[in-house]
Amino acid sequence: VSLQMMKHAWDNYKRYAWGLNELKPISKQGHSSNLFGNIQGATIVDALDTLYIMEMKEEFKEAKEWVEKNLDFNVNAEISVFEVNIRFVGGLLSAYYLSGEEVFRKKAVELGEKLLPAFNTPTGIPWALLNIKSGIGRNWPWASGGSSILAEFGTLHLEFVHLSHLSGNPVFAEKVMNIRKVLNRLDKPEGLYPNYLNPSSGQWGQHHVSIGGLGDSFYEYLLKAWLMSDKTDEDGKKMYYDAVQAIETHLIRKSSGGLTYIAEWKGGLLEHKMGHLTCFAGGMFALGADGAPSDKTGHHIELGAEIARTCHESYDRTRMKLGPEAFRFDGGVEAIATRQNEKYYILRPEVIETYMYMWRLTHDPKYREWGWEAVEALEKHCRVDGGYSGIRDVYNNHERHDDVQQSFFLSETLKYLYLLFSEDDLLPFEHWVFNTEAHPLPVLHKDDGNKEENQK
Ligand code: DMJ
């Protein structure tokens with residue numbers, strides 16, 4: 001089924017928005033997001049590995065040809081370093097590792113080089129935004145006193161380690177190792193990492209902590225850096241398990257109805273709200289169970305299972321059986337969005353992602369059942385003639401579509417669904433880690449460097 005869904009999403013993108021970043025499936029035209037500046041083709045690059053994995057050979061071939069001829073980074077564009085890294089660098093790296101086609105390696109390294117000026121700050125903590133022509137960077141104007149964002153500068157590690165590996169140029173890995181160093185020198189309030197860090201002063205901004213937006217994939221990349229290093233990156237390991245400990249103590253709570261959730265922390269006060277983005281953490285906790293002290297393994301799996309259950313409830317308690325952007329545990333509600341501007345669903349993957357991890361790690365059939373419920377809801381409410389669209393209010397009887405087919409729907413949501421219903425030996429966890437945009441990257445074994453050398 002996810003293959004049919006992919007075909008519908010891809011064919012319509014191809015028909016109405018080919019070469020542009022994303023598709024507007026209702027108005028049947030291209031959608032451009034300023035996150036990618038003038039870099040074009042986000043959907044193509046994000047979808048490459050999904051096409052490959054699903055064995056959509058024709059489509060993969062036409063996507064590759066587009067990359068060869070048209071993917072161009074010599075543009076005057078201000079881009080989000082984080083978004084371009086996870087979608088474009090990550091997408092190109094995976095396409096290279098899966099297919100072995102040199103063009104993807106070349107483009108990934110070329111783009112990586114374009115991103116390097118973002119690290120020209122007094123501390124080496126990169127800017128959020130970068131003009132890839134002039135090399136001038138800056139931060140989001142709304143981010144606490146000129147701060148960089150934890151989930152942005154903390155989500156470069158996996159890709160940059162691979163860029164060094166594939167280019168033979170150590171500079172990429174050095175840049176991300178330095179981020180670690182800066183973080184390790186800082187005092188952390190209650191052992192927690194605030195979402196904001198000023199790249200000039202090297203001091204934290206506001207003490208807001210989140211495992212959802214602004215924080216999320218920083219934690220994910222600590223764990224995955226350790227896994228991707230064939231479990232040799234002890235620093236990454238320690239930082240991850242220490243962080244989880246602090247998160248459990250200060251952010252994880254149980255509702256009176258028995259649902260475990262992860263709240264947001266604002267200078268010591270809890271906001272009892274959990275984002276859809278935060279739901280990825282169920283899969284993360286379960287994936288990290290193995291490396292936890294042996295008396296804690298079961299506990300980390302259990303935590304993953306509880307987060308999966310809570311997130312499933314957030315879907316089940318809506319009219320459309322699709323989860324809202326954020327749900328609350330206060331004012332008499334549990335796992336329900338109470339604010340109008342938190343009731344939308346934009347084809348995000350995190351809940352299905354967690355089902356996929358939980359399925360692989362426990363084989364409890366309920367995760368496939370829950371995944372199937374999501375498929376049915378997507379088909380019923382998000383599928384339109386011209387592709388798939390997000391929904392403005394999942395509690396409403398009638399769909400009001402937002403008219404965007406997000407590129408992560410093809411790279412993540414559909415890929416995780418496909419994996420949920422595939423055998424475990426398709427991209428096994430021993431050999432692959434998924435970047436935060438679901439692009440698989442191989443685990444690097446100690447002798448990998450030599451092997452590459454031998455092949456040359
Ligand atoms: C994706 O780009 C990535 O999963 C990122 O980590 C968070 N936001 C979207 C999907 O919701």
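**Annotated residues, pocket and cavities of the predicted model**

The structure is a predicted model, in which local features need pLDDT of at least 70 and side-chain atom pairs count only at pLDDT 80 or more, whereas totals for chains, interfaces and linings use all residues. Residues are numbered from 1 along each chain as its sequence is written, and side-chain values use heavy atoms, with hydrogens and water left out.

Asp 216 lies in helix H9 (residues 216–228); helices (H or I, at least four residues) and strands (E, at least two) are DSSP runs numbered from the N terminus. Neighbours within four places in sequence aside, Asp 216 is in contact (heavy atoms within 4.5 Å) with Ala 151, Ser 210, Ile 211, Leu 277 and Phe 280.

An unreviewed UniProt entry lists Glu 83, Asp 216, Glu 325 and Glu 350 under "active site". The lining of the largest pocket takes in Glu 83, Asp 216, Glu 325 and Glu 350 from this set. UniProt positions are given in the numbering used here, feature names are shortened, and annotations may be inferred rather than shown by experiment. Glu 83, located in helix H4 (residues 81–99), is buried because its relative accessible area is 12%. Residues up to four places away in sequence not counted, Glu 83 touches Leu 35, Phe 36 and Phe 88. Glu 325 is placed in the loop between helix H12 (297–316) and strand E14 (326–328), and is likewise buried, with a relative accessible area of 13%. Beyond four places in sequence, the contacts of Glu 325 include Gly 275, Tyr 344 and Arg 348.

A pocket is defined on a 1 Å grid over the protein atoms alone as an open set of points with protein on both sides within 12 Å along at least five of seven lines; a cavity is a set of points where a 1.4 Å probe fits but cannot get out, and lining residues have an atom within 4 Å of a point. Grid points are joined across faces, edges and corners, and a volume is the space filled by probe spheres set on the points. The largest pocket has a volume of about 1200 Å³. Of the 48 residues that line the largest pocket, Gly 213, Leu 214, Asp 216, Leu 277 and Arg 348 lie nearest its centre. Helix H4 contributes the largest share of this lining, 4 residues.

The structure also holds 4 cavities of 30 Å³ or more. The largest cavity has a volume of about 110 Å³, and its lining includes Phe 153, His 157, Arg 180 and Tyr 221. Helices H8 and H9 are the elements that give two or more residues to this lining.

Glu 190 lies in the loop between H8 and strand E7 (196–197) and is exposed, with a relative accessible area of 52%. Leu 347, in the loop between E14 and H13, is buried, with a relative accessible area of 0%.

Note on methods
Buried means under 20% relative accessible area, exposed over 50%, partly exposed in between (1.4 Å probe, protein chains only).
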